[in-house]
Amino acid sequence: MMWMRARDWLIGALGMVLVLGVALSILWWAVSDPAGGGEPGAAAPSPSASAGRPPGAVPPGGLGGDEVWLADLALDAGTVVAAGSTLRDVRAVGQDVVTGPEGLVAARLVVDATVPFDVIAGELGNGTVVRAADDGQATVVRTVQVLGREVRVIATGTVEVKSGRLVVEPRSIDFGGPDFLSDATAAIVRRFVTIEHDIKGLPEGLVLQGVTVQGDGFHANLRGEDVNLAPR
């Protein structure tokens with residue numbers, strides 16, 4: 001009798017081990033992938049996204065034997081100095097770029113860059129401070145001479161694009177005097193605190209399309225067509 005009970009217990013124990021083994025095998029199969037197929041549980045790889053033109057873009061007709069065509073070309077630079085002007089965080093993306101006897105020409109080119117505040121301040125004169133203000137505006141602080149006296153002026157205005165230039169026109173001008181005196185003097189000092197900046201040193205054909213104020217400068221967006229990227 002004791003032997004029969006022991007046999008039944010052993011059979012039951014073996015059955016439990018078998019069931020547990022099958023369950024663990026099913027679980028392992030579900031959470032794992034075949035060897036060499038990537039990390040466990042990872043989805044099948046998908047084609048990488050491209051910021052340029054889609055794969056299979058067709059080069060232009062009549063491409064010469066001494067010319068090279070690039071469907072898209074991207075450049076990132078922390079700082080660019082050209083024509084005595086400094087740009088930060090420059091990102092340039094060109095499409096349909098052809099290099100050959102005519103130089104390096106992009107059918108379309110988009111450039112995003114930051115014009116630092118100190119570059120603008122340096123154009124206005126020593127001691128000038130340019131900084132971001134509320135509501136996407138910019139503030140200019142500088143000392144100017146009015147009627148033989150030095151006056152410290154604080155002007156705040158909106159930034160916009162006019163004729164391809166970065167322009168900040170004052171909406172408010174303050175130098176701490178009475179309102180009637182401030183109003184009378186504002187017309188005199190306005191030109192001293194108005195920003196009109198040309199972004200220099202970039203390839204000819206790029207046109208400033210938009211500009212916004214950010215914490216460290218003016219973020220500029222430029223676009224152009226048939227832009228020559230290198231000197232001939």
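Strands S2 and S3 run antiparallel to each other and are joined by 10 bridges. Across that pairing, Val98 sits opposite Val105 in S3. This is a predicted model, and the chain it describes folds into 3 helices and 10 strands. From one end of the sequence to the other, the elements come in the pattern α-β-β-β-α-β-β-β-β-α-β-β-β.

**The open sheet around S2 and S3**

- S2 and S3 belong to an open sheet of 5 strands, ordered S1-S2-S3-S10-S9 and paired in the antiparallel sense.
- At the edges sit S1 and strand S9 (207-214), each of which pairs on one side only.
- Going from one strand to the next, the twist averages 15°.
- Helix H2 (residues 117-124) lies across S2, S3, S9 and strand S10 (217-228). Its angle to S3 is about 80°.

- Asp96 is not a glycine, yet its phi is positive, at about 50°. You'll find Asp96 in strand S2.
- Asp226 belongs to strand S10.
- Buried or exposed: where does Asp96 fall? Its relative accessibility is 16%, so Asp96 counts as buried, given that the cut-off is under 20%.
- Asp226 comes out at 60% relative accessibility and therefore counts as exposed, the cut-off there being over 50%.

- Strand S4 (residues 129-132) runs antiparallel to S5, and 4 bridges hold the pairing. Val129 has Val141 in S5 as its bridge partner.
- S4 and S5 make a hairpin with 4 residues between them. Asp135, in that turn, has a positive phi of about 60°.
- On to the next pairing: S5 and strand S6 (residues 149-162) are antiparallel too, with 10 bridges joining them. Here Val146 is partnered by Arg149 in S6.
- The hairpin formed by S5 and S6 has 2 residues between the strands, and Leu147 in its turn shows a positive phi of about 55°.
- Why call S5 (residues 137-146) largely enclosed by the rest of the structure? Because 8 of its 10 residues are buried.
- As a reminder when you look at the strands: in a regular strand, side chains alternate between the two faces of the sheet.

**The largest pocket**

- The largest pocket holds about 290 Å³ of space.
- Its lining counts 14 residues, and those nearest the centre are Leu75, Ala92, Leu109, Pro203 and Leu229.
- The elements that supply two or more residues to this lining are strand S1 (68-82), strand S2 (85-100) and strand S3 (103-116).
- S1 contributes the most, giving 5 residues to the lining.
- By residue type, the lining splits into 12 nonpolar and 2 polar residues, with no charged ones.

**The protein as a whole**

- Of the 232 residues in the protein, 30% are buried.
- Take the contacts between residues at least 6 apart in sequence: 47% of them join residues at least 24 apart.

Key. Residues are numbered from 1 along each chain as its sequence is written. This is a predicted model: local features need pLDDT of at least 70, side-chain atom pairs count only at pLDDT 80 or more; totals for chains, interfaces and linings use all residues. Side-chain values use heavy atoms; hydrogens and water are left out. Buried means under 20% relative accessible area, exposed over 50%, partly exposed in between (1.4 Å probe, protein chains only). Two strands pair if DSSP finds at least two bridges between them. On a 1 Å grid over the protein atoms alone, a cavity is a set of points where a 1.4 Å probe fits but cannot get out, and a pocket is an open set with protein on both sides within 12 Å along at least five of seven lines; lining residues have an atom within 4 Å of a point. Grid points are joined across faces, edges and corners, and a volume is the space filled by probe spheres set on the points. Ala, Val, Leu, Ile, Met, Phe, Trp, Tyr, Cys and Pro count as nonpolar, Asp, Glu, Lys and Arg as charged, and the others, Gly among them, as polar. Axes are lines fitted to C-alpha atoms, for helices over the stretch in contact, and angles run from 0 to 180 degrees between N-to-C directions. Contact means heavy atoms within 4.5 Å.
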